Amino acid sequence: MIHDMRLVQRNLPCFVSSVFLLIFMSCAPRNVKFYSADSPHANNSIFTPREFRRILKHASLPQVSDPTNRHLDSEPAAQLGHRLFFDSRLSVNNKINCATCHDPAKGLADGKPIAEGLGTGRRHTPSLWNVAYNRWFFWDGRADSLWAQALHPIESPAEMGSSRLAAAHLIYGDAELRRLYESTFGELPTLSDDMRFPAQGKPASSVDLNADDAAWKSMNADDQDAINRVFANIGKSLAAYESKLVSRRSPFDVFAEGLATDDKNKMAVLSPAAQRGLMLFVGSANCRVCHAGPNFTDGEFHDTRVPTLDGEQPTDPGRFNGVNEVIHDPFNATGVYSDEGTGSLVEFLINNPENWGRFKTPSLRNVARTAPYMHQGQFATLNEVIDYYSTLDKALPAGHHGETILQPLFLSDEEKHDLVAFLESLTDENIPPEWLVRATAATVP
Ligand code: HEC
Ligand code: HEC
């Protein structure tokens with residue numbers, strides 16, 4: 001739609017008037033703008049050189065990469081992951097799949113404050129748009145790769161409640177899944193031998209402390225290792241699929257391209273309100289400090305002091321537990337199932353009490369599609385999020401976290417509206433549509 005010239009033309013008068021409005025506003029004492037005629041981008045210099053540089057830091061999302069998963073770019077792996085993502089047989093009651101909670105019709109989230117699978121979860125379901133760009137996964141970063149993350153929901157009693165043995169048998173027993181698996185990862189173990197490979201079973205782990213069932217314990221160490229490897233490969237194929245879920249061509253991106261090349265038609269794609277919101281975002285509102293770079297996140301953990309859903313004292317340790325869990329995760333980047341672990345971040349991770357109550361900065365791409373917001377879905381709309389940043393109303397005490405970036409912004413109604421308009425301009429769900437629906441036989445190569 002953003003390529004539609006009529007739309008651009010329709011917006012052009014708006015854009016021109018916005019330029020005048022901004023020049024006019026620049027005379028107002030509260031918002032001094034520099035118009036530099038000798039700037040190489042004179043025509044776009046409604047932005048100061050500093051704003052210009054900061055805006056372009058949010059442009060040009062790179063390609064995804066993950067040295068711990070050498071199959072990230074493999075097509076058969078992505079096809080296997082695609083099938084598994086929508087396959088309810090991966091859950092213990094055959095009713096829940098990844099898309100139950102990460103629903104493409106709901107911005108790859110579920111629209112609920114707290115996730116519901118087999119049971120009620122602890123936190124809000126994050127969107128999976130651009131998830132492959134993260135360096136840590138989950139709100140608390142307890143996984144350090146996309147593939148290791150995918151193993152948690154499969155065995156989690158509150159989510160899909162299945163087991164690694166059952167998942168391996170599912171692939172072994174389904175001709176198409178097995179073909180895709182073996183063409184990527186090589187031959188499966190002889191799972192038909194049910195003395196060696198029981199139908200289901202899993203060890204105790206951070207996901208299910210009470211597991212470690214008799215079936216798993218009955219297996220010898222080599223067979224356990226073989227199943228762990230299949231399980232890791234299931235994660236790697238889910239990651240190959242999830243790395244297709246990339247949003248990179250929003251109105252903001254077209255605008256940024258126009259800004260860089262001095263193309264007014266492209267710049268006109270962003271409404272004047274969104275442009276003003278962008279200036280707040282990279283300027284006095286300080287959003288860019290945490291929502292940094294082309295994926296609008298620094299990939300790290302902060303305490304926004306947001307009140308809990310029930311108004312009680314917070315009990316969720318967030319990053320503090322996440323650090324301990326990822327260090328001890330047998331599927332982390334330094335473990336035997338990782339394709340490359342040297343120099344990985346988890347090696348250098350140390351915990352400290354300041355991590356208590358910190359949560360990962362979410363990406364803001366497609367954020368207008370993924371309400372409610374925050375790790376417990378505390379806010380129903382983007383307006384509520386912005387109201388919170390404006391007043392820090394009911395914010396939890398700053399405690400010992402020492403974060404000083406967040407200060408009440410005391411935004412005017414117009415500024416709040418502008419920030420929301422900017423966040424809405426980060427929307428683009430335009431990927432090949434077949435990736436967003438259950439795979440059909442027709443998509444098999
Ligand atoms: C019952 C709902 C539910 C199901 C089913 C589910 N998820 Fe999630 N997912 C969540 C919740 C809730 C979180 C955040 C949990 C947390 O941070 O503690 C999450 C987190 C994630 C993340 C991390 C995102 C980020 O930004 O860090 C990824 C990736 C993910 N899920 C992928 C999957 C895949 C793949 C499957 C299927 C194998 C799946 N999920 C099944 C609810 C679900
Ligand atoms: C100190 C770092 C920091 C700053 C500054 C900051 N954010 Fe955030 N933002 C976060 C973190 C961390 C979360 C998740 C908090 C949670 O769930 O507890 C978040 C959540 C959000 C969300 C909800 C996203 C979702 O998917 O749930 C939006 C929208 C948002 N921020 C926008 C903004 C805007 C706009 C600004 C500037 C006014 C801003 N943020 C400033 C760190 C920050």
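**Reading the ligand sites and the ring cluster**

Modeller: The iron atom of ligand 1 has a single donor from the protein, NE2 of H102, at 2.1 Å. The model is a predicted one. H102 sits in the loop between α4 (98-101) and α5 (146-155).

Biologist: Which residues are the closest to ligand 1, and how many surround it?

Modeller: The shell around ligand 1 holds 27 residues, and C98, C101, H102, F138 and K360 are the closest. By class, that shell divides into 15 nonpolar, 6 polar and 6 charged residues.

Biologist: Which polar atoms of the protein lie by ligand 1?

Modeller: A side-chain N or O atom of H102 is 2.9 Å from a nitrogen atom of ligand 1. The backbone also takes part: a polar backbone atom of F138 lies 2.6 Å from an oxygen atom of the ligand, and a backbone N or O atom of W139 is 2.8 Å from an oxygen atom of ligand 1. The most come from α5, which supplies 5 residues.

Biologist: Are C98 and C101 buried or exposed?

Modeller: A residue counts as buried when its relative accessible area is under 20%. C98 has a relative accessibility of 14%, and therefore counts as buried. C101 is likewise buried, because its relative accessible area is 13%.

Biologist: How many disulfides does a search of the whole structure find?

Modeller: The search finds 0 disulfides.

Biologist: Let us turn to the second ligand. What surrounds ligand 2?

Modeller: There are 25 residues around ligand 2, with C287, C290, H291, H375 and Y389 the closest. This shell has 17 nonpolar, 6 polar and 2 charged residues. At least two residues of the shell come from each of α13 (287-290), β2 (359-360) and α15 (382-391). The largest share is that of α15, with 4 residues.

Biologist: How many aromatic pairs does the whole structure contain?

Modeller: A search finds 14 aromatic pairs. One example is F85 with Y241: their ring centres are 5.1 Å apart and their planes stand at 55°, so the pair is tilted. F85 belongs to helix α3 (residues 75-85) and Y241 to helix α9 (residues 221-242), so this pair ties together parts 156 residues apart in sequence.

Biologist: Are F85 and Y241 buried or exposed?

Modeller: Both F85 and Y241 are buried. Y241 also pairs with W435, with ring centres 5.9 Å apart and planes at 45°, so this pair is tilted. Because Y241 lies in helix α9 and W435 in the segment after α16 (413-424), the pair ties together parts 194 residues apart in sequence. W435 is buried, as its relative accessible area is 11%, while Y241 has a relative accessibility of 0%.

Biologist: Which residues do ring pairs link into a cluster?

Modeller: The cluster consists of F85, F86, Y241 and W435, linked by ring pairs.

Definitions and conventions: Residues are numbered from 1 along each chain as its sequence is written. Chains are lettered from A and ligands numbered from 1 in the order in which they are written. This is a predicted model: local features need pLDDT of at least 70, side-chain atom pairs count only at pLDDT 80 or more; totals for chains, interfaces and linings use all residues. Side-chain values use heavy atoms; hydrogens and water are left out. A disulfide is a pair of cysteine sulfur atoms within 2.5 Å. Buried means under 20% relative accessible area, exposed over 50%, partly exposed in between (1.4 Å probe, protein chains only). A residue is near a molecule or strand if one of its heavy atoms lies within 4 Å of it. Ala, Val, Leu, Ile, Met, Phe, Trp, Tyr, Cys and Pro count as nonpolar, Asp, Glu, Lys and Arg as charged, and the others, Gly among them, as polar. Donors are N, O and S atoms within 2.8 Å of the metal (3.2 Å for Na, K and Ca); water is not among the atoms, so sites may look incomplete. Rings of Phe, Tyr and Trp (its six-membered ring) pair if their centres lie within 6.5 Å; planes under 30 degrees apart count as stacked, over 60 as edge-to-face and the rest as tilted. A polar contact is a pair of N or O atoms within 3.5 Å; within protein, one must be able to donate a hydrogen and the other to accept it, and residues adjacent in sequence count only if both atoms are side-chain atoms.
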